Amino acid sequence: MNFDLTEEQELLQDTVRQFASNICTPKRRRAIFDGPDGHDTELWRGLLELGLGAIAVPDEFGGAGLELLDLALAAEVLGAGAVPGPFLGHSLAGLALLYAGSDAQKKTWLPKLASGKTLGTVAFAEGEGRWQPEDWTLAGGATITGSKAHVPFGAHADLFVVGTRGGGLALCERGARGLAVEPLPGIDRTRRIAELRLADTPCELLPAGPAAAARVRDAALVLLAADAFGGSAQLLDLSVEYAKTRQQFGVTIGSFQGLKHQLATMAVEVEPARGLYWYAAHAFDHVAAESERSAALAKAHLTQVYMQIARDAVEAHGGIGFTWECDVQIYFKRAMFDRAFLGTPGAHRERAAALAGW
Amino acid sequence: MDLSYSAEYEAFRVEVAKFLAASWPLQGKEAELAGDQKAARFRGRAIAAGYLARSVPKRYGGSEQASDVLKAQIIREEFFRARAPGDLAGIGPSMLVPTLLEKGAEWQKEKFIGPTIRGEIVWCQGYSEPGSGSDLASLQTRAEIVAGEWVINGQKIWTSGAHVADYMFCLCRTEREAPKHAGISYLLLSMKQPGIEVRPLRQMTGAADFNEVFFSDARTPADWIVGKRGEGWIVSRTTLKHERNMIGDAANTVVMFEGLVALARRTLRDGRPAIDDPGIRQRLVQVEGYVRSHQYSGYRQLTKAVKAQDPGRIGLMNKLVSTNLGQEMAKLALDLVGDDGMLEPSERRLGAPRENGQWIGQFMWSLGSAVAGGTANIQRNVIGERGLGLPRDAAAQRS
């Protein structure tokens, strides 16, 4: 019985945390957030050098061959630091190739994704809440036509994994005929999104797509849940820190019971929920029967918690919390991303109910 | 991460299961004994086998086993599965025995521990007073030595089981001149004496599980004190390194959640099972998010305990998490039982399934749990101050 991290896993988190706090300073994060492009290639290069592109890629393709839990642990730390960058879409493109690609496709792409030579992303959304493999309508063949919304770092990606009708997965490359990308005014400026338009664009199907698409989706849900936990925990810390520093009526405001209880309530929402994404990640690799439902439950619960904690954190910071200048808003908007990407908490609750046979 | 048990522990589980298969339920003539006699006889054997009273030394009637949280967990799981009586619950075994083990005089341990863990004597706890609830240390019940024994005057309240208890462990003010916390002593006394009057307090559920206790020159021998005079507060705060049940509470929560799902399946709305209703499905999964969080958080705390590592501030949150969940589940259940929510929490319902009445009881009981043993607001103070490191509020600091 061991439901805890290994020393290696703790080290992984410490390493990423160190990097994030040294390199992705609040000032730099702010510059990226306020900047027009949203992609700091030097920062991303640093994360790749730490191995964040290679965590779940097998050794034979130049990766570390670790599990989804390890990837999720990195996602938690990046979430805690609100670190801007294409980690999510890039990781998912790699997992899609790993689970659904032919040997040749894996050999071509996985080493490049592991090293970051190629920037990957996924294109799943078709609007009006249609995110799931069974919702996809684009017909995948030798070419593909149609559009996909909310593609993370679509404006920067080299390789797109596009969801097709029947839960298929297809590869399209930047520069291919008829492929156009239109940046969208995404609210989370640490994770920019774009619309992908394909007009008779040549593509390559991943042979095991229909079998693997749901698995890629589940991995995504776990990564979003992990990001949400990291962000929530950090917002709690920021709010507590503010309550210990700010003085009114001659005392630190954290001594007032009203605020103290708000913070305690936030802590009780956040702290116990860590295991929810741990378990979902563990189940993804080790408990097949619970994998899909645990992922749905973790995403629904943790992204909803994150959104509420972000609202609470704004309140706990008072007037300053409502300003553009305060970093709480960066987390607030990441919470909005985590909540909506791949379907709302309500959508995943309904899936979890159906998956339980209710 | 591995939620299975190692071979050594699986072997231990088999050993426990074998013992249970042979020992419970009782067979032959013993099967005809009264319920509590059966349980007492079984507990004696389980202690002899090393499965119960594990933290209590043999000379006081325990089984004196090396502390092992995983073994303790396996024992709880297997005993639960076999529906066999586990360690006696109640305030005596859970609170007094650990306190005596840590702070009691040798004769006190010898006299009280064995009968308490065997259930031969029953205790109640005299802490709260009408004017001293959350601010317990302001208590006013006085005890003074008169002619070689303690004479006690005052009143306690919310005393669970005082009407059936043989003895009370009690906090009394013994040092009038000392500061608030330093003036308290921890006394033991017999409940069967003329100086004590017990009046039941009827709860909103209709039952009367706790009482007011009035002391009018109640007496107890001078050496029935645990620790020294004026040390009662510290004695009462004794935390012990015994095998804490990290996940038992979460397991109960999971069982309650399963009951809630069953309720949603068998309750009809517009002629269809309530569990088909999109709103009910949302609320069930929403609650489940908290149930599973609590369950996995228990796994993590158990793992930390095995590794002798501090689980962190989560340890301060378990009570609030658990009572919040009890309330949320009861509220959802009340919506599910619909019209039956107008009826008393009795089992004598005409036509209604028995479980509906239990949920109505839970709807009220869950509030009792949120208040008992430190209200939710006091829990939030503790989490805020000890867990998050926030300063104490000015009013509490002054007293």
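A: Let's begin with a word about domains: their bounds come from an automatic or database domain assignment. Keep in mind, too, that this is a predicted model. With that in hand, chain B splits into domain 1 (7-81), domain 2 (123-236) and domain 3 (248-398). The C-alpha centres of domain 1 and domain 3 of chain B are 29 Å apart. These two domains touch through four residues from domain 1 of chain B and four residues from domain 3 of chain B. On the domain 1 side, you'd count two nonpolar residues, one polar and one charged.

Now let's look at where the two chains meet. Chain A puts 38 residues into the contact, and chain B puts in 41. On chain A's side, the elements giving two or more residues are helix H7 (209-245), strand S9 (251-252), helix H8 (257-270), helix H9 (274-286), H10 and H13. H8(A) gives the most, with eight residues. By class, chain A's side has 21 nonpolar, 11 polar and six charged residues.

From that list, let's zoom in on H13(A), which covers residues 345-355. Within its own chain, H13(A) packs with H10(A) (residues 288-316) at an angle of about 150°, with the axes 8 Å apart. Angles over 145 degrees count as roughly antiparallel, so that's what we call H10(A) and H13(A). Their crossing is left-handed. Who does the touching? H10(A) supplies Glu292(A), Arg293(A), Ala296(A), Leu297(A), Lys299(A), Ala300(A), Thr303(A) and Gln304(A), while H13(A) supplies Pro345(A), His348(A), Arg349(A), Arg351(A), Ala352(A) and Leu355(A). Sorted by class, that makes six nonpolar, three polar and five charged residues.

H13(A) also reaches across to chain B. There, H13(A) packs with H8(B) (residues 278-306) at an angle of about 90°, and the axes are 9 Å apart. Since 65 to 115 degrees counts as roughly perpendicular, H13(A) gets that label relative to H8(B). The H13(A) side of this contact is Gly346(A), Arg349(A), Glu350(A), Ala352(A) and Ala353(A). Facing them from H8(B) are Pro278(B), Arg281(B), Gln282(B), Leu284(B), Val285(B) and Gln286(B). The class count here is five nonpolar, three polar and three charged.

Terms used:
Residues numbered from 1 in each chain as written. Chains lettered and ligands numbered in written order. Predicted model: local features only at pLDDT ≥ 70, side-chain atom pairs only at ≥ 80, totals over all residues. Axes fitted to C-alpha atoms, helices over the stretch in contact; angles between N-to-C directions. Helix = DSSP H or I, 4+ residues; strand = E, 2+ residues; numbered from the N terminus. Parallel < 35°, antiparallel > 145°, perpendicular 65-115°, else oblique. Left-handed = near helix turned anticlockwise from the far one by under 90°. Contact = placed C-beta atoms within 7 Å. Nonpolar A, V, L, I, M, F, W, Y, C, P; charged D, E, K, R; others polar.
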